Structure formats: structure tokens, C-alpha cells
Amino acid sequence: MILKKGSQGSAVSKIQYKVGEHPDGIFGSGTEQNVKNWQEANGVDADGIIGPNTWKQMFGCSIDEFSPIGVVVHSMTEFIDWEGEEITARQLLDKLGLGIHALIHPDGKVEEVIPSTQKAAHAGKSIHNGLSGLNSFFVGFELLVEGNNDYGSFIKKIDEEGCYTEKQFESAVNLTKQWMEQYNIEAQDVVRHSDVSGDDIRGDGKGKVDPGSAFDYKEFIKRIS
């Protein structure tokens with residue numbers, strides 16, 4: 001795949017975001033010049049065309065692979081009752097037709113669900129710095145809240161100190177740093193679900209609130225930066 005002046009789509013939006021341009025998905029003259037500037041600054045032949053070499057340098061992966069440019073931090077309950085049966089977080093995602101790239105258990109274990117080279121339906125209606133529909137742009141992981149929780153108890157717990165274990169936090173830092181290095185992701189593009197899918201995006205009372213105040217986001221950003 002070659003992307004150049006006249007190309008359109010989400011891949012173009014990714015390029016525009018990387019070169020500091022509003023991501024409207026249309027590769028015009030402005031994008032062409034910004035790509036040339038980026039290529040020149042990064043030691044790539046400055047022809048204004050995105051081929052395999054420029055894409056690899058820009059996103060850290062093949063042009064034919066899913067190329068995430070950010071990370072969304074989520075949380076969900078470890079177990080939940082579903083039609084009279086206790087099921088796991090992974091089973092719940094399957095039943096809801098959703099996905100995630102990784103689950104981080106209370107003991108710090110990282111369970112891969114969907115490879116980071118593939119899209120996952122984790123962000124839903126979401127916007128970040130002009131990019132909408134972050135499933136096409138971001139990878140994500142779920143911090144699992146210990147125990148069997150309905151929505152009410154889950155919402156309460158994620159605002160209580162100690163909800164997340166130190167081992168979970170360490171694993172979240174390590175996984176995020178791994179993805180950042182692999183895909184050339186910047187810390188400014190590591191966000192909470194509540195940042196990109198809150199009430200301002202989804203409407204009053206409909207926004208996401210995870211991972212909650214129990215997750216020390218400032219310390220997290222400090223650790224990954």
C-alpha cells in the first residue's frame with residue numbers, strides 16, 4: 001500500500017496525527033508538505049509519499065499491520081453474575097461482543113486477549129485530539145477489579161484507595177512502555193477511558209468513568225515518560 005496526495009481514510013488520519021496536522025483523513029497538499037518535513041527530520045527520503053519504509057519509521061510496524069498510535073487504560077470487574085452464572089471478564093467481553101488487547105489481573109498477570117497487531121472493539125464512541133473512533137487507532141488493556149462486582153459495586157471500588165494492586169500497576173507500566181517502544185507511541189497519547197469516552201463525548205450520564213480515581217494516573221504517566 002502506498003499513501004500519497006489524493007489518498008483518503010483512517011490510515012491517512014494516522015499519518016496526519018503523527019505529523020501534527022488535523023486528522024481529516026484527506027491527503028492534500030498540506031499533508032504532503034508535512035510528510036516531507038517529517039521525512040526530512042527523521043532521515044527518510046523526503047518525497048511526500050508514505051511507502052513501507054516511511055510507515056515503518058513512523059509507526060514501528062509493517063504498513064499492512066494494524067498500527068496503534070495510542071493506548072487506552074480501562075478497568076472492569078474480574079467476575080460478574082450473568083444469567084445465574086458467575087463468568088470471567090473475558091467471558092463477559094465475548095458475550096457483549098467487545099474486545100481488548102490485554103487483561104491485567106490483580107496478581108499482575110498479563111493475559112493477552114487480542115494481539116496488538118489487530119484491532120479490538122474496546123473504546124467505543126471516543127475522541128482524542130481530533131481522532132474519533134479510537135478502536136482504529138489505539139490499543140487497550142483492562143485492569144481487573146478483584147472479586148465479583150455488579151456495576152454499582154464496581155463504580156464504588158474504582159474510586160477507593162487500594163482498588164488496584166501494586167503488581168497490577170507495575171504490569172500496566174511495563175506493558176504500556178513495551179507498546180510505546182514497539183509502535184513509537186508518545187506519553188501524551190496514553191489516556192484513560194474516561195478521558196476519551198466521558199459524558200462530554202457520550203452525553204450526560206452515559207460516559208465512561210474507568211479506571212477511576214483509584215488509578216494514580218499522574219504517577220503512571222510519570223513512570224512511562
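**Exercise 1.** Which residues do ring pairs link into a cluster?

*Solution.* The model is a predicted one. Searching the whole structure gives 6 aromatic pairs. Ring pairs join Y164, F169, F215 and F220 into a cluster.

**Exercise 2.** Classify the pair formed by the rings of W55 and F59 as stacked, edge-to-face or tilted.

*Solution.* Step one is the distance: the ring centres of W55 and F59 are 4.4 Å apart, and the cut-off for a pair is 6.5 Å. Step two is the angle: the planes of W55 and F59 stand at 45°. Stacked requires under 30 degrees and edge-to-face over 60, so the W55 and F59 pair is tilted. For context, both residues belong to helix α3 (residues 52-59), 4 residues apart, or about one turn of the helix. W55 and F59 are both buried.

**Exercise 3.** Describe the lining of the largest pocket.

*Solution.* Start with the volume, which is about 590 Å³ for the largest pocket. The lining has 29 residues, and those closest to the pocket centre are S75, M76, L96, Y151 and K208. By class, the lining divides into 12 nonpolar, 11 polar and 6 charged residues. By element, β1 (70-82), α4 (89-96) and α5 (151-157) each contribute at least two residues; the largest share, 5 residues, is from β1.

**Exercise 4.** Is S75 buried or exposed, and which side chain does the side chain of S75 meet in a polar contact?

*Solution.* S75 sits in strand β1. Its relative accessible area is 5%; buried means under 20%, so S75 is buried. The side chain of S75 makes a polar contact with that of Y164, at 3.0 Å. Beyond four places in sequence, S75 touches residues including E142, F154 and D210.

Key. Residues are numbered from 1 along each chain as its sequence is written. This is a predicted model: local features need pLDDT of at least 70, side-chain atom pairs count only at pLDDT 80 or more; totals for chains, interfaces and linings use all residues. Side-chain values use heavy atoms; hydrogens and water are left out. On a 1 Å grid over the protein atoms alone, a cavity is a set of points where a 1.4 Å probe fits but cannot get out, and a pocket is an open set with protein on both sides within 12 Å along at least five of seven lines; lining residues have an atom within 4 Å of a point. Grid points are joined across faces, edges and corners, and a volume is the space filled by probe spheres set on the points. Ala, Val, Leu, Ile, Met, Phe, Trp, Tyr, Cys and Pro count as nonpolar, Asp, Glu, Lys and Arg as charged, and the others, Gly among them, as polar. Buried means under 20% relative accessible area, exposed over 50%, partly exposed in between (1.4 Å probe, protein chains only). A polar contact is a pair of N or O atoms within 3.5 Å; within protein, one must be able to donate a hydrogen and the other to accept it, and residues adjacent in sequence count only if both atoms are side-chain atoms. Contact means heavy atoms within 4.5 Å.
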